[in-house]
Amino acid sequence: MSEGRGASRWLIPLAVVPVLILLAYGFRTNPRDIPSPLIGKPAAPFTLRAFDGAALSLEALRGRVVVLNFWASWCYPACYEEAPALERGWQAYKDRGIALIGVNIQDKEEPAKKFLGQFGHTFPNAPDPAGRVSVDYGVYGVPETFFIDRAGRVRFKHVGAITDAIFKGNVETLLAEKA
Amino acid sequence: MSAAHASRALVLAGLACLLALSAKAATVDENTVREIAAELRCVVCQSLSVADSPSETAHQMREIVRERLAAGDTPEQVKAYFVEKYGLWILLSPPRQGFNLLVWVLPFAALGAGIVLVGVLVRRWSRRPRAAAPGPSPVDEATRARISREIAEMDR
Amino acid sequence: MTYVPEIGYAATVAALVLAAYGSAASAVGAATGRPALRRSSERAAVGVFALVTCCMLLLIYAFLTFDFSVRYVATNTNRGTPFYYRITAVWGALEGSIILWTWMLSIYTLVAVAQYRRRHPEFYPWVLSVMLGIAGFFLLVMTIPAPPFERLSPIPLDGRGLNPLLEDSGMITHPVALYLGFTGFTVPFAFAMGALITGRAGDEWITITRRWTIVAWYFLSLGLLIGGWWSYHVLGWGGYWAWDPVENAAFMPWLTGTALLHSVMIQERRRMLKLWNLTLIILTFGLTLFGTFLTRSGIIGSVHAFSQGSVGQFFLGFLALVLLGAFSLMAWRFDRLRGQGELDSVVSRESAFLLNNVFLLAATFTVFFGTVFPLLSEAVRGAKVSVGAPFFNLVNIPVFLALLFLMGVGPLIAWRRASADNLRRNFLAPVLAGILAAGVLRALGVGNTLVLLCMGLVVFVSATIALDFYRAARARRRSGDGWLGATGGLLLRQNRRYGGFIVHLGILVVALGVAGSQAWSVQTETTLERGQSMELAGYKVRFDRLHGAEESNHFKVIGTFTVENGRGPLAVLSPAKKFYPQEQTPIAAVDYRLGFLEDLYVVLGDFAQDGSHATIKVQVNRMVSWLWIGGLVLTLGALLAILPDRRRPA
């Protein structure tokens, strides 16, 4: 056949290249890392009853920086790693106008209380028995932590164990803003 | 009927209406719940739908669907709620708009293109001029008939 | 203190060196015409097999003796893991699965050596070179990114334990069958490379390709079916196929393999489509590599995903090498291999087979595109989307229905040119039968259009098969056999054709199972108090009690439920929730009562600690058993078709 025809046959191997490039791109992404659509939107209101009986609601905390942490007693090792960091963050900032609430999801009361006892959390923790709050915040795994500003908007979401540095960084940023 | 009777009857009738209304609001078609749940992705189990997944999260999500339907939301609104909270990936198949149309359209386009291609090729190949027919063979009629019968038998 | 890690690692490296040498030697020997190099490479292949077998045995030994100095053993078993599962745990995770793959590759290489060393002198050295090269790649993976013999220090007292979902009989058969299927495609691929390099794809190549493709296809079908069975009875969701990315990755080579099986017949008859068949075989082998890449790279989340690390990059690199190399070879040999396409008529078996290929490839494209689309969406728009069952079902169902129709048309329509007479004789009655069946079902109350269409097509295809059997058996009877002898004779003498019919029958049964289970299954979820019952589809399920049991490596909470139907007690089902110390959430253990037409399936959900109430999901799954029956029939047909062709002269 003619020469022009000769060149077009190389289209066959070339056609494979875009697919390979796409697959290679896949290495840079993490399928479990899903951006939250809630960032910048008003945080969903919630009313919870803490393990010690106190009533907690988002409305009552308007004006403060709210850190909402979702955890479970079976979430090993991440929740166990971040628990001390949360307590430290609470101790450092509780007098500076933040509220830290731990929400226990997909769990039973006994193991949850055992978890709390192990770490001696002094900030309020509440169970979310029907999962309403976790779905309201688009939670798809534990642990997840949301940082809500004084105006009640979700500003940051952190998936995975939180560290002192991240806690401090986000809280400081939000504290610096006026209500 | 005396006034007392009438007013009691009215109250009873009113109560009955209320009961009927609340019962209606509370019964949700389980099929609708399943249909909606089948289009939502279970967030903890990868490829399963909320309808299929045995996990606790999925159970809770089904409850939320049920609750919302009972409160009067349409199926579209229920799905929109989940999309608002989780993003588009909560839907088990992408909505048919924008870039996502590509995944819906391309397979059918490929199928169509394939059929057309085969059609063109088959046409072209069956129109090739065939070699000149061979001259009359020295085989006699009876043998030829037997041969074509056996070939027909083999070809099946 | 054992030296298992060191010995194993040494064996791996030695095997790698031998494979690399063998591959190079055979290629050089073929190119320069020195048979001594080829023989040396054969010895290398034997050496590779011996060394990889050593590795397998060593790993099994380490598992059986709780040798936690090997990190792989410590991660995948603990002192409570039952004996049986300690052996299957060998291939339960990434590194072990690569050893299994490599071991099978080395076996297939030896089989190829034994079968072909004397018969195909032109191809054979290239085949050997390619197979050893591929084995070498997997050995490279075993050496660098995923070494199974890594030492763990300090040696822990107990291991982590096997993934509880893998503690099942499916673990011994599913990966083995699947991998025998995947690796089986290496041989026809190697022959395809031989054909491209030597520029010849003649008769022997067709026969070899066909034979090996059926073998690999048989094992792949078995693996897929067992996977479906495992999903059904272990995962607790009552389904057998979820269009999970890794399920898709195993399904795609099956689809292209099926296309190849059919189009190779056109090449046999009409000497056409050589390039297309070569493309199909390269695609099929490439898809098997794509499957392992997907499972191990972590780029798409999946229930099967093993782990990340640099394994994924190795596989992508190899996939790139294979595809670019093979297709470049094809481009180079394009003119040498293109045939004269010549068909007698549009209405012919050739056309039916070509259409078969189009539909199968369209399905493959759909599955592939749907699987990678989330990645594409993220790459192009930065938006994550999901592509799941609703998409795949919607797009694939019409394609599969069309394939069902072709299954009835293909085997009976004439080669070359189908006359109107031929069409009438073969198809009028079956078409009428199909329409009649659909009408009857409609009258009986079946409303679902897709089900009606599926049933009608199934009857149509069954009628064509029955018609062919009848006519052919009747023809044989003329020479004196009884009906049974005639049918038996058909199956044995024309085993390719009639084996193929049995495979088609198996597919029909599977199709019925899929249609029935999707359309007619029901389920519900309730919470029951002790002694309370619930009803579904004529079954009454009563919650009796809850009790706990301690097993060797987990704690089980078992719910006891008595099942009755209208006529009295049927069974006692005991679904459970298993709590493994190394797992974060409990694993549901379903209990079920299988039946020919329907299965009763009970999953235990939430429960009160004091056993006062329990939440259960009850399903009545209809026609699911037909999937397994159909699968069995299919595999029997494939076995029959693999048998040596008795009709050919010796």
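Arg271(C) has 16 C-beta neighbours inside 10 Å, so Arg271(C) counts as partly exposed. The cut-offs are these: a residue is buried if 20 or more other C-beta atoms lie within 10 Å of its own, exposed if 12 or fewer, and partly exposed in between, with C-beta atoms placed from the backbone. Arg271(C) is not a glycine, yet its phi is positive, about 55 degrees. It sits in the loop between helix H10 (245–270) and helix H11 (274–297) of chain C. Helices (H or I, at least four residues) and strands (E, at least two) are DSSP runs, numbered from the N terminus.

## About the model

This is a predicted model: local features need pLDDT of at least 70, side-chain atom pairs count only at pLDDT 80 or more, and totals for chains, interfaces and linings use all residues. Residues are numbered from 1 along each chain as its sequence is written, while chains are lettered from A and ligands numbered from 1 in the order in which they are written.

## Two loops of chain A

Gln106(A) also has a positive phi, about 50 degrees, although it is not a glycine. Its loop runs between strand S4 (98–104) and helix H4 (109–119) of chain A. Is Gln106(A) buried or exposed? It counts as buried, because it has 25 C-beta neighbours inside 10 Å.

Val142(A) and Pro143(A) are joined by a cis peptide bond, with omega about -5 degrees. Pro143(A) lies in the loop between helix H5 (132–136) and strand S6 (144–148) of chain A.

## Where the chains touch

Two residues are in contact if their C-beta atoms, placed from the backbone, lie within 7 Å. Chain C gives 50 residues to its contact with chain B, and chain B gives 38. On the chain C side, H14 (349–381), H15 (389–409), H17 (449–477) and strand S9 (598–607) each supply at least two residues. H14(C) gives the most, 14 residues. By class, this side has 29 nonpolar, 13 polar and 8 charged residues. Here Ala, Val, Leu, Ile, Met, Phe, Trp, Tyr, Cys and Pro count as nonpolar, Asp, Glu, Lys and Arg as charged, and the others, Gly among them, as polar.

Chains A and B also touch, through 12 residues of chain A and 13 of chain B.

## Nonpolar cores

A nonpolar core is a set of buried Ala, Val, Leu, Ile, Met, Phe, Trp, Tyr and Cys residues joined through C-beta atoms within 7 Å. The largest has 260 residues; Val48(C), Val127(C) and Phe138(C) have the most contacts inside it. Helix H9 (residues 203–234) of chain C brings the largest share, 17 residues. A second, separate core has 20 residues, including Val541(C) and Tyr601(C).
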